[in-house]
Each structure stands twice: as C-alpha cells, then as structure tokens.
Amino acid sequence: MTLLADTSFVEATWILIVKSIVIFAVIFAIVPMLTVLERKLLGRFQARYGPNRVGPLGLLQPLADAVKLITKEHYRPTNAIAGLYYIAPAIVVFTGVATLAIIPFGNVQEGFGLYGIDVPIGILYFFAFGSIAFYGLLLGGWASGSKYSFLGAMRAAAQLISYEISMGLALLGAIMMAGSLSLVSIVEAQNQIWYIIPQFVGFLIFLVAGFAETNRAPFDLPEADAELVAGYGTEYGGMRYGSYALAEYIEMFVISAIAVTFFLGGWHGPGPGFLDPIWVVVKIFAFLFLFMWVRATLPRVRYDQLMSLGWKVLLPLATLNVLVTAILVTVT
Amino acid sequence: MSQEFPYLKDESVVAVQRGPEPGGVGGAYRAFGETLRGLKTTFARIIEGPVTIQYPEEKTPVYPRFRGRHKLHRFEDTGLEKCVGCSLCAAACPADCIRVVAAENDPDDRVSAGERYAEVYEINLARCIFCGYCEVACPFDAITMGHEYEIADYNREDLVFTKEMLLAEPVERTPLRREGE
C-alpha cells in the first residue's frame, strides 16, 4: 500500500463537475434536516416537543427559518471593516463544503468513485481547510469592530491552537496502521477490524477535539452566548449570521464523516455493495446524534479548562498513543 | 484544624468530602465518569417522553372547585332566576366589580322567585379577582364560579358580562378533572 493515494485513477472533468454540484446539493439539503433534527432532539432531551407547528411534525421549520433570515436587512456596523466583514461568513461555508469533497461514501463502483475526489494527501487536506475555517471566525470577529466579537475571535484562536495538534496526532495512529494518507485506502484497510477497537484512545481524543473543532457544546467558547452575547457572531444578522450557523452544521457533518472514515470503518457493513453509502450515512447520523446528545448534556467548560484539557491531557495522551502505535506497527 | 481556626470549637469543624482536584489522572477519570452519568440522565428524558401540554389543543383539566368565570342560575323546574337582586354579592366583592340594580317583580310575569329581581346584573371580569366571595355571599346560590378560564378578549368593554351572558349555558371549553386524576 502506498502512502499517497493512487493517482492513476482519474475521472473525467465532467464527472468531477457533476460531483461537486451533487455535493453542494446534498449538503444544502442535509443542513436543514440537521437543524430541525437538532431542535427536535434537544426538545426531547429536555422533556418537551421541540418545533412542531410549521408543516407536518414541524418539518418545514427550517424553511421558515431560512425565509426569515434571507429577508432580513443586510446590516453593517459603522466600526466594521467592510470587505472582511462581508467575506468572513463565506469563508467558513466554503471551507466546510470543500472538506466534504474528500469524504468517501463508497469505493469505486463501475468506474465511478462515490466521493468528491480522492486527494493524494488525503487527511492533510482536511486539516488545511479546517484551519482556514477558523479564519472565518477570526476575521469575522475582528472585522466586526465590537468587543464581544473580538473576544470571541480571540477565544477561537486560542481554542484552535490548543486542540488541533492533539487532533492530528489522534488521527496519526490510524494513518500509521493503514499506512496511507488517502481516506479511501484507510477505509479499505479497515475491512478486517474497525480502527475504533485498536485505536480507542485515538478515537476518544479525536472525539473531544472534534467537539472543539465544530465550536459546539461543551466547547462553544467562541460563541458562548451566555457571556459573549454571540461571540464572533454578535454583529452579524440575517443570512450572514445564517452562514455561520450553516457552516457549523456542515462542520459537524464533516467531523462525523471523518470519524466514521477513520474509526468506524467507513462504508464497511453487512449487505451488498450498493448499501455502502447507506452505511456511511447511518454511521454519520449516529455521530450527529452523539453531538446533539452531548450538547443537551454538558455545560460549557471554562476557558482555562479547555486549554488545560488540550495541552495537559489530550496532547500527552495523543503523543503516547502515537508512540505505542508506532512501536506496535513496526513490531508486527 | 484548631490551629487554622482558633476561634472555632473542634466539634463545629466539619470536614467536607471533595473529589480529586481537576487535572491529573484522577480528575480525568472522574470527569469521564461524570460525563457518562450526565449523558445517561439526559437520555432518560428521551425515553420518558415530553411532559409538555400542547395548550390550545390539549388543556389541563380543572378541579371541580376551580374558580373560573361566573354563572347565574335558574330554578330547573320553573325556569325562574334564582337571583333576587339583594346585592350581597356586590357588597362582598373586594374588587367592586359587580353591579346589581334590583326591580320589583310583576306578579303576572315573574322573573325571579322572590319579591324582587335583578334588572341589571353586570360583572366586570377585567376587574374580577376570582376570589369567590360572591358565591359565598349569595343566600340563594344564584351565582357560582364556573370552570371557564379562557376569557381573554380584545376590548375591555367586552369583558363586562351582562346578566344574559351569565345566565346563558356556557360553552364547555375546559375539561373537568375526574375523580382521582
């Protein structure tokens, strides 16, 4: 098995264009589902119903939300830096959707790969775009010209540096076991055993870091609606604010998909080949359920607690995990 | 202990049981366990199901002694009004929201069973505090508190209920709590 993905399998340009359109269509169809699912689940977790007024069972709620957000006035504070203020929400959405391109929903079937693109550098692409996504928060918070936004942006920066290394190291164990950076090869390497069993520590670290990456409870410090109004999003309104929410859900989906790819065996599951994408989606939704479950359960950690967790617990643990994995991989 | 707090008697100092400090292996283990416990707690809410009462569709049943909107009563056999216009309810009313104007009964065309009857009987429900004193004061049980609580309206004038409105059989919009419910 090669370290980088096999580059001899090249698809026609028109296929790639169709794929990118499909990815956009799918994610913009999934995000409204996720919002209504989250609100309904949060309701159930709190012994109430959640939205059930708009449409049958409240399923048209996201439509109502979207119409409300889109029809709002485009507003810019006087202190804001216009260009950056406008472009920051676009950055987060763009990086979220771009990362989705590398998620494999199935292997190559009949000359057609069920993924956007099998990038040779694989997971590095994910890390690159994951870090750029934080520029969206940073620039948005800084360019708003408000103190709350600025504090949120600073927290986003501090959060980024405290967990991103641990996240990379957590995935490194799985990468070493598979011997490849390509996500397709990593899933193929899991046909014997899902990496959640040999890499359980790595899985836990990735999970905690993933919650921090998506800026969701209990690590929603950049937003911190109780202390910072809405953090980096304080000065945003209308669909620009909606873009941040959209990006949060896309990132949630991406992190779940990466976790499924690396630790839950991707498309592997019982049944014939055409069930592969269904397995991936089922596993992803199990993860999304976990995300919402944790949000309904855990209170926000303090700022210094996040830092000490990232640097004092996750980083040594991840390093240890990588060392042990490296030794075991070399020996066997 | 006694060196630290010389002003306290030894028996009044209670050692507080604390878990391990945050950080370190003990703290991490404890945090992990507590996290799982929290997840269990919230998941139990899903299994229990919502406790919400979806108000306009579902209503909380009221107790039989619930004090809702007033009703005026007639005798079931003769159909005459029980109210004789004595104004005791108006006198008892702490919010002063009842207005009674009494008139003599015409012996050929009786309105009430007594000597007099209420020509005007108005309750201003915008003022009423639903204390039930009128019910207690009434010597003929002519006025009682009903179970109706959906009285909101758009105009204050519409909240002044006249005798005809109070005598009319109200639409039962409020479920009554059954025995043992």
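1. Leu288(A) and its surroundings. In this predicted model, Leu288(A) touches Leu34(A), Met252(A), Phe253(A) and Ser256(A), leaving out residues up to four places away in sequence. Leu288(A) belongs to helix 9 of chain A, which runs over residues 276-297. Its relative accessibility is 0%, so Leu288(A) counts as buried, the limit being under 20%. A separate distance can be checked on the model: from Leu288(A) to Ala98(A) there are 190 residues in sequence and 19 Å in space, C-alpha to C-alpha.

2. Glu38(A), a buried acidic residue. Glu38(A) is part of helix 1 of chain A. Is Glu38(A) buried or exposed? With a relative accessible area of 1%, Glu38(A) falls under the 20% limit and is therefore buried. Not counting residues up to four places away in sequence, Glu38(A) touches Arg216(A), Tyr249(A), Met292(A) and Arg295(A).

3. Salt bridges within a chain. Over all chains, the structure holds 12 salt bridges. One of them joins the side chains of Arg302(A) and Asp304(A), with N and O 2.8 Å apart. Asp304(A) has 41% relative accessibility and so counts as partly exposed, a class that lies between 20% and 50%. In chain B, Lys163(B) forms a salt bridge with Glu81(B), and the closest N and O atoms are 3.2 Å apart. This pair links distant parts of the chain, 82 residues apart: Lys163(B) sits in helix 4 (residues 163-167) of chain B, and Glu81(B) in the loop between strand 1 and helix 2 of chain B. Lys163(B) and Glu81(B) are both buried. Elsewhere, Glu38(A), Arg216(A), Glu248(A) and Arg295(A) are joined into one network by salt bridges that share partners.

4. The interface of the two chains. How many residues of chain B are in contact with chain A? There are 14 of them, and they meet 15 residues of chain A. Between them, chain B and chain A bury about 1,400 Å², of which 68% is on carbon and sulfur atoms. The rule finds one salt bridge across this interface. In that salt bridge, Glu57(B) pairs with Arg53(A), and the closest N and O atoms are 3.2 Å apart. Glu57(B) has 55% relative accessibility, over the 50% limit, and so counts as exposed.

5. The nonpolar cores. The largest nonpolar core has 89 residues, and those with the most contacts inside it are Ile123(A), Phe126(A), Phe206(A), Ile258(A) and Phe262(A). Helix 8 of chain A (residues 238-263) gives the largest share of this core, 15 residues. Apart from its neighbours within four places in sequence, Phe126(A) is in contact with Thr99(A), Ile102(A), Met167(A), Val254(A), Ile255(A) and Ile258(A). There is also a second, separate core of 23 residues, which includes Ala90(B), Ile123(B), Ile143(B) and Phe161(B).

6. A nonpolar patch on the surface. Which residues form this patch? They are Trp14(A), Val18(A), Val22(A) and Val26(A), which together have about 380 Å² of accessible area. Val26(A) is found in helix 1 of chain A, residues 13-45. The relative accessible area of Val26(A) is 40%, so Val26(A) is classed as partly exposed, between 20% and 50%.

7. Two residues with positive phi. Most residues other than glycine have a negative phi. Asn215(A) is not a glycine, yet it has a positive phi of about 55°. Asn215(A) lies in the loop between helix 7 (200-213) and helix 8 of chain A. Its relative accessibility is 6%, under the 20% limit, and therefore Asn215(A) counts as buried. Asp96(B), also not a glycine, has a positive phi of about 55°. The loop between helix 2 (88-92) and strand 2 (98-104) of chain B holds Asp96(B). Is Asp96(B) buried or exposed? Asp96(B) has a relative accessible area of 60%, which is over 50%, so Asp96(B) is exposed.

Terms used:
Residues are numbered from 1 along each chain as its sequence is written. Chains are lettered from A and ligands numbered from 1 in the order in which they are written. This is a predicted model: local features need pLDDT of at least 70, side-chain atom pairs count only at pLDDT 80 or more; totals for chains, interfaces and linings use all residues. Side-chain values use heavy atoms; hydrogens and water are left out. A nonpolar core is a set of buried Ala, Val, Leu, Ile, Met, Phe, Trp, Tyr and Cys residues joined through side-chain atoms within 4.5 Å. Buried means under 20% relative accessible area, exposed over 50%, partly exposed in between (1.4 Å probe, protein chains only). Helices (H or I, at least four residues) and strands (E, at least two) are DSSP runs, numbered from the N terminus. Contact means heavy atoms within 4.5 Å. Patches are made of residues with over 30% relative accessible area and no salt bridge: like charges are joined within 9 Å, nonpolar side chains (Val, Leu, Ile, Met, Phe, Trp, Tyr) within 5 Å. Accessible areas come from the Shrake-Rupley method with a 1.4 Å probe; for residues, only the protein chains shown count as cover. A salt bridge is a side-chain nitrogen of Lys or Arg within 4 Å of a carboxyl oxygen of Asp or Glu. Buried area is the accessible area (1.4 Å probe) that two parts lose on being put together, summed over both.
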